[in-house]
Amino acid sequence: MQKPSKYHNNRKSYNWLIYDTGDKWLMEYSKYYKGTLVDLGCGTAPYKDFFLQYADKYVGVDWTNTLHNSKADVISNLNEKIKMPDDYADTIVSLSVMEHLCEPQIFLNESYMILKDGGIMILQVPWMWWVHEAPYDYFRYTPYGLKYMFEKAGYKDIHIQPTSGFFTMWFLKMNYFSLKWIKGSKIRRSFTRGLLIPFWYLSQKLAPWLDSKHRGWSLESAGFFVVAKK
């Protein structure tokens, strides 16, 4: 089976660790991808082929007012009633979407409605991450807030998984921040990038090991995955 990052074109020399981390958990939860899989907030649908290695059918849902070149099969505003039948999906996935919704509880309530009984929702959100895709960046969620909102929507068997520890989060932020140093003439940009690449590589190699030595590693995670059952 191909890993998820094979299908995503945002993996760069300064941020590949965040995609390796995401791959780890997407692969871990692959046993849940089955039947009709609905991707809520699919954007450019980068993981469509990955999910179709497991599920029988993929349906991408998103709205038209997006910063991405949407490849949605169904156009629907996720802050409102989702334009899909009730009890339709065997699996729902939603990756880096709910922070961009101004009505996240409506979104979870609606996801519950379109999911079949016994179906699974897998959601990923950032936590220690900067404002992005402004002005459509509204919330960050703690594990306790996520559990409360999923329970309120009706979900059960809710499992929340930190995606990283402090050092992964911190080094990735430093790597993104250091991109600002790459400016000037083409020669200067190439020289600066050449100096930074070893730092980017070593920091991303070192971060998971440092996380493993940190007793409170999960308290400053870059984000969380949630797996919940209807």
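Begin by selecting S94 and L123: the bridge partner of S94 in β5 is L123. The model on display is a predicted one.

Strand β4 covers residues 89-95 and strand β5 covers residues 115-126. These two strands pair in the parallel sense, over six bridges. In general, strands of a sheet pair through backbone hydrogen bonds, in either a parallel or an antiparallel manner.

Now display the whole sheet. Seven strands form an open sheet, and reading across it gives the order β3-β2-β1-β4-β5-β7-β6. The pairing in this sheet is mixed. Which strands lie at the edges? They are β3 (74-75) and β6 (156-162), each of which pairs on one side only.

Select S96, located in the loop between β4 and α3 (104-114). The phi of S96 is near 55°, a positive value in a residue other than glycine. Then move to P135, in the loop between β5 and α4 (143-153). A cis peptide bond joins A134 and P135, with omega about 5°. As background, most residues other than glycine have a negative phi, and most peptide bonds are trans.

For the next stage, colour the model by domain. The domain assignment gives domain 1 as 16-165 + 216-229 and domain 2 as 167-213. Taken over C-alpha atoms, the centres of domain 1 and domain 2 are separated by 28 Å.

In domain 1, 11 residues are in contact with 12 residues of domain 2. Between them, domain 1 and domain 2 bury about 1,100 Å², with 73% of that area on carbon and sulfur atoms. Select W16, L17 and W130: these residues supply 50% of the area that domain 1 buries against domain 2, more than any other three residues. What is the make-up of the side of domain 1 that touches domain 2? Its residues divide into eight nonpolar, two polar and one charged.

To complete the tour, inspect the polar side of this interface. Six residue pairs are in polar contact across the interface of domain 1 and domain 2, both residues at pLDDT 80 or more. The count of salt bridges between domain 1 and domain 2 is zero.

Conventions
Residues are numbered from 1 along each chain as its sequence is written. This is a predicted model: local features need pLDDT of at least 70, side-chain atom pairs count only at pLDDT 80 or more; totals for chains, interfaces and linings use all residues. Side-chain values use heavy atoms; hydrogens and water are left out. Domain bounds come from an automatic or database domain assignment. Contact means heavy atoms within 4.5 Å. Buried area is the accessible area (1.4 Å probe) that two parts lose on being put together, summed over both. A salt bridge is a side-chain nitrogen of Lys or Arg within 4 Å of a carboxyl oxygen of Asp or Glu. A polar contact is a pair of N or O atoms within 3.5 Å; within protein, one must be able to donate a hydrogen and the other to accept it, and residues adjacent in sequence count only if both atoms are side-chain atoms. Ala, Val, Leu, Ile, Met, Phe, Trp, Tyr, Cys and Pro count as nonpolar, Asp, Glu, Lys and Arg as charged, and the others, Gly among them, as polar. Two strands pair if DSSP finds at least two bridges between them. Helices (H or I, at least four residues) and strands (E, at least two) are DSSP runs, numbered from the N terminus.
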